[in-house]
Amino acid sequence: MGLITGILTLPIAPVRGVVWVAEKLNDAAERELHDPGVLRAQLALLNRELEEGDISLEEFEREEERLLDRLYATPNDRR
């Protein structure tokens, strides 16, 4: 980037910074959303909630299906 381009684009630098941070946050959220370890921990917690009577069987089945769909989704299905 040349000096003149740098000076002319300086006013939009904060916007570029915010966009960069938003992209990094989105990437981190996507990784966590589809992380098999996180999903398995959520499934274990769900099982424990069912065993302790904190949720109904219907709620368990609905949430379990959602978590399993995320766990077994292929990378192409995610976007």
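**Working through the model**

Modeller: Start with Phe60. Phe60 is buried, at a relative accessible area of 8%. Keep in mind that this is a predicted model.

Colleague: Where is Phe60 found?

Modeller: Phe60 is in helix 4.

Colleague: And how far apart in space are Phe60 and Thr9?

Modeller: Their C-alpha atoms are 53 Å apart. Along the sequence, Phe60 and Thr9 are separated by 51 residues.

Colleague: Back up a bit. How many helices and strands does the chain have?

Modeller: There are 4 helices and 0 strands. In sequence order the pattern reads α-α-α-α.

Colleague: What radius of gyration does the chain have, against a compact globule of 79 residues?

Modeller: The chain has 21 Å. A compact globule of 79 residues would be near 12 Å.

Colleague: What box do the C-alpha atoms fill?

Modeller: Roughly 65 × 25 × 20 Å, along the principal axes.

Colleague: What share of the residues counts as buried?

Modeller: 13% of the 79 residues. Phe60 counts as buried because its 8% relative accessible area falls under the 20% cut-off.

Colleague: Which residues form a nonpolar patch on the surface?

Modeller: Leu3, Ile4, Ile7 and Leu8. Together these four have about 490 Å² of accessible area.

Colleague: Take Leu8. Is Leu8 buried or exposed?

Modeller: Exposed, with a relative accessible area of 64%. Leu8 sits in helix 1, which covers residues 3-9.

Colleague: Now helix 2. What can you say about Trp20 there?

Modeller: Trp20 lies in helix 2. Its relative accessibility is 51%, so Trp20 counts as exposed. The cut-off for exposed is over 50%.

Colleague: How far is Trp20 from Ala73 in space?

Modeller: 27 Å, C-alpha to C-alpha. In sequence, Trp20 and Ala73 are 53 residues apart.

Colleague: And Leu25, where is that found?

Modeller: Leu25 is found in helix 2 too, which spans residues 13-33. Leu25 counts as exposed, at 57% relative accessibility.

Colleague: What separates Leu25 and Pro36?

Modeller: Along the chain, 11 residues. Between their C-alpha atoms, 19 Å.

Colleague: Switching to charges. How many positive and negative side chains are there?

Modeller: The chain has 10 positive and 17 negative side chains. The centres of the two sets lie 11 Å apart.

Colleague: Good. Can you recap helix 4 for my notes?

Modeller: Phe60 is found in helix 4 and is buried.

Terms used. Residues numbered from 1 in each chain as written. Predicted model: local features only at pLDDT ≥ 70, side-chain atom pairs only at ≥ 80, totals over all residues. Heavy atoms only, no water. Patch = residues over 30% accessible without salt bridge, like charges linked within 9 Å, V, L, I, M, F, W, Y side chains within 5 Å. Areas by Shrake-Rupley, 256 points an atom, 1.4 Å probe, with all protein chains shown as cover. Salt bridge = Lys/Arg side-chain N within 4 Å of Asp/Glu carboxyl O. Helix = DSSP H or I, 4+ residues; strand = E, 2+ residues; numbered from the N terminus. Buried < 20%, exposed > 50% of the residue type's maximum accessible area, 1.4 Å probe, protein only. Rg over C-alpha atoms; globule rule 2.2 N^0.38 Å. Lys, Arg positive; Asp, Glu negative; His and termini not counted. Charge placed at Lys NZ, Arg CZ, Asp CG, Glu CD.
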